[in-house]
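Please look over the sequence and the 3D model together before reading on. The notes below are meant to be read slowly, with the structure open beside them.

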Amino acid sequence: MTHQHQVPGEASGPGAVAVGSNHGIISTGDAATIDNRTLHLPAEAVRAPAEVPAPPGLNNLPAPRSAVFVGRDEDLARLGAAMDGGGAPTVVHGLGGMGKSTLALHYAHRHLGRCNPVWWVPAETPDGITLALADLAAHLDPYANLTATTSAEAAAWATGWLQSHEGWLLVLDNAEAPDDVAPVIGPLTTGQHLITSRRATGWHHLAQPLALRTLDPDASADLLMRIIGEPGEPDDGSDDGSDDAPALAELAAELGHLPLALTQAAAYIQHTAITPASYLARLRRYPARMFAASATDNHERTIARVWQLTLQAIAARDPLAVDILRTFAWLGPDDVPRDLAEALHDDPIAIDEALALLHAYSMITLTPRTFTVHRLVQAVARTPDPADPHRAEQTIGTARRRAVSLLVAALPGDPLFNVAGWPRWRELLPHIEALATRVAPEQDDEHTDAIWRQTSAFLQSEVRLDRAVALAERSVAACERLRGPDDPFTLASRSILGSAYRSAGDVVKAVPLLIRNRDDCERVFGAAHEETLVARGNLAYLYGVTGNLDLATELHSRNLVDCERLLGPDDPHTLSSRSNLASAYREAGDLGRAVPLHEQSAAGYERVFGPDHPETLTARSNLAFAYQLAGDLGRAIPLHEHVLTTRERVLGPAHPHTDLARELLTNARADTPR
């Protein structure tokens with residue numbers, strides 16, 4: 001008998017396989033060997049992906065986290081238009097907690113009848129994408145997992161299936177970086193991709209961006225009310241909670257109309273059965289605890305946790321970016337000048353890159369000149385929390401002091417007379433106001449005091465007297481605590497406060513304060529010092545306002561002589577003294593003295609400050625009024641017209657001084673004989 005010997009490693013016969021040289025899956029058409037196990041599979045187990053149909057209605061969509069979905073109809077319509085445009089994939093981007101995943105989930109649920117399969121892919125990591133695609137392969141073909149040795153092979157099979165079929169929808173949720181999803185999106189052109197991401201930039205080569213914004217105020221209040229009202233919503237005509245409407249609106253504004261924050265707050269209110277007003281009070285008193293509070297077991301879905309993870313990712317790439325975020329948490333949220341951030345570092349490119357990184361993660365919105373920070377991001381960033389390494393109390397205190405220093409350095413000099421600096425003042429004013437609300441008075445130091453004092457002077461020129469008074473009062477309190485009652489800065493702050501009281505019409509407070517300040521200046525500086533002259537002039541002006549014209553005229557006359565002698569004829573204090581004396585004569589009815597002094601005053605202001613300076617226009621207005629009182633309407637009316645036209649151009653048509661010029665012109669014209 002002849003024996004034939006089989007050589008190991010060679011195959012022989014139909015359906016045979018080699019022994020010793022095959023690993024993993026071995027398919028013969030009627031069976032497969034997997035890890036040395038033989039499985040008998042039907043013929044369809046070896047079909048190519050293109051030959052496998054999708055089961056009807058295939059999807060793995062999670063249920064929405066909440067049945068409440070309001071205020072996003074317009075966003076759904078925009079998303080639908082972008083997805084149906086037939087162009088590049090769409091990426092919905094925005095701040096963590098904005099509701100990107102919720103929007104995508106509702107969109108996907110609404111398209112279950114139009115697309116098949118509809119597959120939800122957690123895209124935080126490349127491994128997560130691979131596993132989700134491998135899971136899709138298993139659902140498309142039960143044998144795909146049996147004929148693949150790794151998740152990567154199964155994912156490749158799913159990619160092959162998607163390449164060869166149409167009408168599907170992939171939702172890649174919470175993509176960390178464009179490069180993570182590019183390998184999936186790049187080869188697939190036969191279906192639709194919807195991406196959600198905190199990343200706002202880097203998508204231009206891959207997807208069309210769709211920015212998601214916060215809810216509008218009405219939708220925010222509606223969201224709060226719907227969650228708070230369920231379950232147990234009254235159905236018997238009893239109180240429907242409408243009395244809470246103002247508190248809900250205030251709470252929604254405090255939370256910046258951010259969906260996750262609103263949902264977190266509403267769930268807490270419902271769970272603890274407190275009122276919206278009580279929640280708001282707790283939020284303001286215990287911000288760190290409330291940002292982290294959760295009415296469910298899902299503590300990962302709180303504002304504090306979502307943004308802590310984001311800050312960790314940012315800090316790992318550029319610690320300067322986190323420093324910027326903490327620093328500007330103390331200023332206003334909108335239109336922060338970029339040059340303030342540029343002052344933080346000697347290297348402008350480092351600042352550019354840090355701002356770009358914050359913008360990429362949707363923590364700020366960046367423009368060529370400014371950037372915007374969501375107010376709730378600011379609130380979290382400036383709230384100490386021992387559980388968050390990025391929000392240690394000492395670190396946040398350092399950021400507060402840094403913000404104060406930046407503003408001090410950015411303030412234009414001489415807020416009363418430096419008109420060229422007024423646009424900058426107006427640019428910085430919202431950030432100064434925000435800082436004043438966020439720094440407690442007991443935290444005031446010499447730097448914040450300088451900000452409050454100078455800002456009060458500027459606000460008086462803007463005729464915003466309530467805020468001018470409040471900031472001057474704070475400056476005086478800080479100066480007296482830090483420097484003592486006789487310090488020159490304390491006396492200067494009292495002078496500004498007295499002027500603010502006088503301008504606001506509060507003579508009861510203004511008179512004793514300005515008398516005290518005049519006396520203190522004479523005692524500390526002497527009668528011939530500039531600060532004493534200013535204090536005396538302020539008091540004299542107040543006497544004129546209160547009708548004590550004889551005393552006002554006496555003090556103004558003395559002040560003008562001393563100013564001309566000590567400071568010179570063209571010093572701003574001398575010009576002011578001359579103008580004030582002219583006004584005192586005019587109010588006393590002594591037009592023979594008033595008119596020449598007003599003429600000198602107008603000429604002096606124009607010579608020193610120029611024809612369009614607000615002080616020059618005030619001097620001309622006073623002169624026009626003196627002409628009017630003297631019956632010289634031929635000179636009064638054209639001068640009133642000139643002042644009005646120039647103020648409209650320089651100050652704007654709605655400025656209080658423009659309104660006054662308009663009123664004076666109307667009155668002068670009414671005096672014209674017919």
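The model is a predicted one, and the protein in it has 28 helices and 11 strands. Of its 674 residues, 49% count as buried, while the accessible surface comes to about 31,000 Å².

**The protein as a whole**

- Carbon and sulfur atoms account for 52% of the accessible surface of the protein.
- When contacts between residues at least 6 apart in sequence are considered, 65% of them join residues that are at least 24 apart.

- Side chains of opposite charge can pair when their charged atoms come close.
- One of the salt bridges is formed by the side chains of D486 and R523, with a distance of 3.0 Å from N to O. Because D486 lies in the loop between α19 (465-482) and α20 (488-503) whereas R523 lies in helix α21, this pair ties together parts of the protein that are 37 residues apart in sequence.
- R586 counts as buried, with a relative accessibility of 10%, but E587 is partly exposed, with a relative accessible area of 47%.
- E648 and R662 also meet through their side chains in a salt bridge, at 3.2 Å from N to O. E648 belongs to helix α27 (residues 633-650) and R662 to helix α28 (residues 656-670), so the pair ties together parts that are 14 residues apart in sequence.
- Both of these side chains belong to partly exposed residues, with relative accessibilities of 32% for E648 and 30% for R662.
- Salt bridges that share partners also build one network, which joins E480, D486, R494, R516, D520 and R523.

**A charged residue in the interior**

- What surrounds R382, a buried residue without a salt bridge? Leaving aside neighbours within four places in sequence, R382 is in contact with A329, W330, I396 and R438.
- R382 is placed in the loop between α15 (375-381) and α16 (393-410).
- The nearest side chain of opposite charge to R382 is that of E254, which is 6.4 Å away; a salt bridge requires the nitrogen and the carboxyl oxygen to be within 4 Å.

**Two buried alanines**

- A403 is found in helix α16 and counts as buried, because its relative accessibility is 0%.
- Not counting residues up to four places away in sequence, A403 touches T327, W330 and L331. A403 and L344 are 59 residues apart in sequence, but their C-alpha atoms are 9.6 Å apart in space.
- A552 lies in helix α23 (residues 549-566), and with a relative accessible area of 1% A552 is buried as well.
- The contacts of A552, leaving aside neighbours within four places in sequence, are with A540, Y543 and G544. From A552 to L539 the separation is 13 residues in sequence and 8.0 Å in space, C-alpha to C-alpha.

**Cysteines**

- A disulfide is a covalent bond between the sulfur atoms of two cysteines.
- How many disulfides does a search of the whole structure find? The search finds zero disulfides.
- C115 counts as buried at 8% relative accessibility, and C479 counts as buried at 0%.

**A nonpolar patch on the surface**

- V507, V508, Y541 and V545 form a nonpolar patch on the surface, and together they have about 350 Å² of accessible area. The elements that give two or more residues to this patch are α21 (507-525) and α22 (530-545).
- Y541, one of the residues in the patch, lies in helix α22 and counts as partly exposed, because its relative accessibility is 34%.

Terms used
Residues numbered from 1 in each chain as written. Predicted model: local features only at pLDDT ≥ 70, side-chain atom pairs only at ≥ 80, totals over all residues. Heavy atoms only, no water. Patch = residues over 30% accessible without salt bridge, like charges linked within 9 Å, V, L, I, M, F, W, Y side chains within 5 Å. Areas by Shrake-Rupley, 256 points an atom, 1.4 Å probe, with all protein chains shown as cover. Helix = DSSP H or I, 4+ residues; strand = E, 2+ residues; numbered from the N terminus. Buried < 20%, exposed > 50% of the residue type's maximum accessible area, 1.4 Å probe, protein only. Lys, Arg positive; Asp, Glu negative; His and termini not counted. Contact = heavy atoms within 4.5 Å. Disulfide = S-S within 2.5 Å.
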